[in-house]
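Okay everyone, thanks for coming. Let me put the structure up and walk you through a few spots in it.

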Amino acid sequence: MVKRSGCDISNAKITGFPTSFAAPSLKPSFAAVAIGVQNYTCGSTGTYTNVGAVAELFDISCLYGSSAFDTIQDAAIDIWKIAPPIFPAQEVIAILHSTNTPAVLGQHYYVTNPLTGQGVNPKWDFTSQGANAGNSNAFVVAAKVTGVSAPTGSQDIDWVDLKALTGSLAQEVYRTDTREGQPPASCTPGSPMISVKYAAKY
Ligand SMILES: *[C@@H]1O[C@H](CO)[C@@H](O)[C@H](O)[C@H]1NC(C)=O
């Protein structure tokens, strides 16, 4: 069993829930705002392909119902963007780790697909912080079902609907209220991986 943390959001609804997304089969347990990076490599055709992400997740369940809940992704991206380059994502995450603030729910990153051993899938890992610290089942590795363009514009990464593959944290994960994270439109083949800052709700 994994524990809910923060406030009860079992009746919460996602504002602007895309019609193409599968409706949740369970009541919501967690609400997070994330800051992190989306990573891209440059393909031989001169366009970027997403190869993963790393982000820190903060509990926003207790903000549900307030105007701060609706706008927190704007505050998150604004702060994150002005963080000096000496604070890359891993550094910020490491600092937040060491403070063990109860507001940190966990981390989001990519792992090898646990079912096929091929390719990578996103993981949400709450095993080292918050109410579920030390619970080795408090994670979910998921696979994308659908994505839709962000309603806020092409500078923001897609909203996505994901289904669990392994782990006890959740059956469904939704990425919504995205801010930024898109790669440049073109690149020079052979150029190194880039990390683009983003914020979102999960
Ligand atoms: C993404 O890039 C960050 C550095 O910005 C790195 O720490 C992380 O391991 C990368 N993750 C993936 C899956 O590429």
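So, look at Cys42 and Cys187: these two form a disulfide, with their sulfur atoms 2.1 Å apart. This is a predicted model, by the way, so please keep that in mind throughout. The link of Cys42 and Cys187 is right-handed, with 95° about the S-S bond. And where do the two partners of this pair sit in the chain? Cys42 is in strand E1, while Cys187 is in the loop between strand E7 (172-180) and strand E8 (194-201), so the pair links distant parts of the chain, 145 residues apart. Both Cys42 and Cys187 are buried.

How many disulfides do we have in total? The count comes to two. The other one joins Cys7 and Cys62, and there the sulfur atoms are 1.9 Å apart. Why is the disulfide of Cys7 and Cys62 called right-handed? Because the torsion about its S-S bond is about 95°. Cys7 lies in the segment before strand E1 (32-42), and Cys62 lies in the loop between strand E2 (48-59) and helix H1 (67-82), so this pair ties together parts that are 55 residues apart in sequence. Cys7 has 30% relative accessibility, so we count that residue as partly exposed. If you number the bonded cysteines in sequence order, the pairing reads 1-3, 2-4.

Okay, on to the inside. The largest nonpolar core has 25 residues. Among the residues with the most contacts inside that core are Leu57, Trp124 and Tyr202. Which elements give two or more residues to this core? Those are E1, E2, strand E5 (139-148), strand E6 (159-166) and E8. E1 provides the largest share, four residues.

Let's zoom in on Tyr202. Leaving out residues up to four places away in sequence, Tyr202 touches a whole list of residues, including Phe30, Ala31, Leu57, His108, Trp124 and Arg175. There's also a second, separate core, this one of 17 residues, and Ala31 is one of its members, along with Ala76, Ile77 and Ala83, among others.

Last stop: Asn135, in the loop between strand E4 (120-125) and E5. Buried or exposed, what would you say for Asn135? Its relative accessibility is 18%, so Asn135 counts as buried. The Asn135 side chain reaches the backbone nitrogen of Asn137 at 2.9 Å. Not counting residues up to four places away in sequence, Asn135 touches Met1, Val2 and Thr127.

Note on methods
Residues are numbered from 1 along each chain as its sequence is written. This is a predicted model: local features need pLDDT of at least 70, side-chain atom pairs count only at pLDDT 80 or more; totals for chains, interfaces and linings use all residues. Side-chain values use heavy atoms; hydrogens and water are left out. A disulfide is a pair of cysteine sulfur atoms within 2.5 Å. Buried means under 20% relative accessible area, exposed over 50%, partly exposed in between (1.4 Å probe, protein chains only). A nonpolar core is a set of buried Ala, Val, Leu, Ile, Met, Phe, Trp, Tyr and Cys residues joined through side-chain atoms within 4.5 Å. Contact means heavy atoms within 4.5 Å. A polar contact is a pair of N or O atoms within 3.5 Å; within protein, one must be able to donate a hydrogen and the other to accept it, and residues adjacent in sequence count only if both atoms are side-chain atoms.
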